[in-house]
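Here's a quick tour of a protein model for you to follow along with.

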Amino acid sequence: MKQYDAAIVGGGPAGLTAAIYLARFKRGVILFDRDGSRAKLIPRSNNHAGFPDGIAGPELLARMTEQARKFGAEIRTGDVTGIAAEGEDWRLTGEGIDIAARAVILATGVDNLCFDMPTPAEHQAALDAGKLRYCPVCDGFEASGKRIAVIGAETHGVAEALFLRTYSDSVALFTMIENELHEKDRSDLVKAGIPWDPRPVARYDFTGDAVTLHFAGGDRVEVDTVYPALGSTPNSALFEQLALLTDAEGCTPVDAHQRLGLAGLYAAGDIVAGLDQISVAMGQAAVAATALHNDLRERDGKVVSS
């Protein structure tokens, strides 16, 4: 069983940033990528600094992977399903995986929740066409002036609809299930000029020039783009194995250096409570990798005491 200075679980922007930093710190680092990063779904990111013409998510990940490997990081495809302490170190296991690491950065991310789509290919086609969007902070600008449907008539959906009102005069809120909005939510929508349709949407059609929302009674509404405000599912299985604390949304709190409270464990990216943005994930990863490197230096007696 090979031992590394650091292991990273997650091949998104957070994990790859950490791999680049640790490799440049001349640490023996391995990264496991289950090929599930949400960044891979991004047709083009226009708010990622340094790319005035935007950059596609897969291209960004490919560039970061090349950079990490250039400096010596080992990157493997694989799903880490087990983590356990072994003395001062950590053991990671999974199908074809059995390694030891002195420290671990968990950058496992979250998965978007969406209404049912016929196939993954149709889901990606809707994303590529700008008819389906998940992140108002990322691409609300690109939806400027369009007919926007927000799906998710609960407080989270109301908040997202109000946020998008900045970009368009035509924002409407819809629901997947029958429910009643809180009185304050209804009042906020009225003040913002956002209509709310309490009828559940029965079917979504992305095949035409517009997106068609179909209702059980035969009525339909056409919009230009749809935002599912349904939240996300955190990939927190490894955190649960370690009995680490998570918040109401399943994300985990960390300290100012991205430490998780158990020696040698750190977290970065969307799995950490906070704003889910590529730039935030990369910043957290830089902090985590630097803290990990310095913590190992201290463990090895290479830090001068003040």
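Predicted model: local features only at pLDDT ≥ 70, side-chain atom pairs only at ≥ 80, totals over all residues.

We'll start with helix α8, which covers residues 278-299, and then move on to an open sheet of six strands.

**Helix α8**

- Helix α8 has 22 residues, and going from its first C-alpha to its last takes you 31 Å.
- That reach is close to the 32 Å expected at 1.5 Å a residue.
- Quite a list of α8 residues is buried, including I278, A281, Q284, L292, H293 and L296.
- What do the buried residues of α8 pack against? Their partners are the strands β1 (3-9), β6 (97-106) and β15 (265-267), plus the helices α1 (13-24) and α2 (57-70).
- Just after α8 comes G301, with a positive phi of about 75 degrees.

**The six-stranded sheet**

- Reading across the open sheet, the strand order is β12-β11-β10-β9-β8-β13, and the pairing is mixed.
- The edges belong to β12 (220-223) and β13 (225-228); each has a single partner strand, so one side of each has no neighbour in the sheet.
- On average, neighbouring strands here are turned by 45 degrees against each other, direction ignored.

**Around β8**

- Strands β8 (residues 148-151) and β9 (residues 171-175) run parallel and are joined by four bridges.
- For A149, the bridge partner in β9 is A172.
- Helix α5 (residues 155-164) lies across β8, β9 and β13, and runs at about 160 degrees to β8.

Terms used
Residues numbered from 1 in each chain as written. Heavy atoms only, no water. Helix = DSSP H or I, 4+ residues; strand = E, 2+ residues; numbered from the N terminus. Expected span 1.5 Å × (residues − 1). Buried < 20%, exposed > 50% of the residue type's maximum accessible area, 1.4 Å probe, protein only. Contact = heavy atoms within 4.5 Å. Pairing = 2+ DSSP bridges. Axes fitted to C-alpha atoms, helices over the stretch in contact; angles between N-to-C directions.
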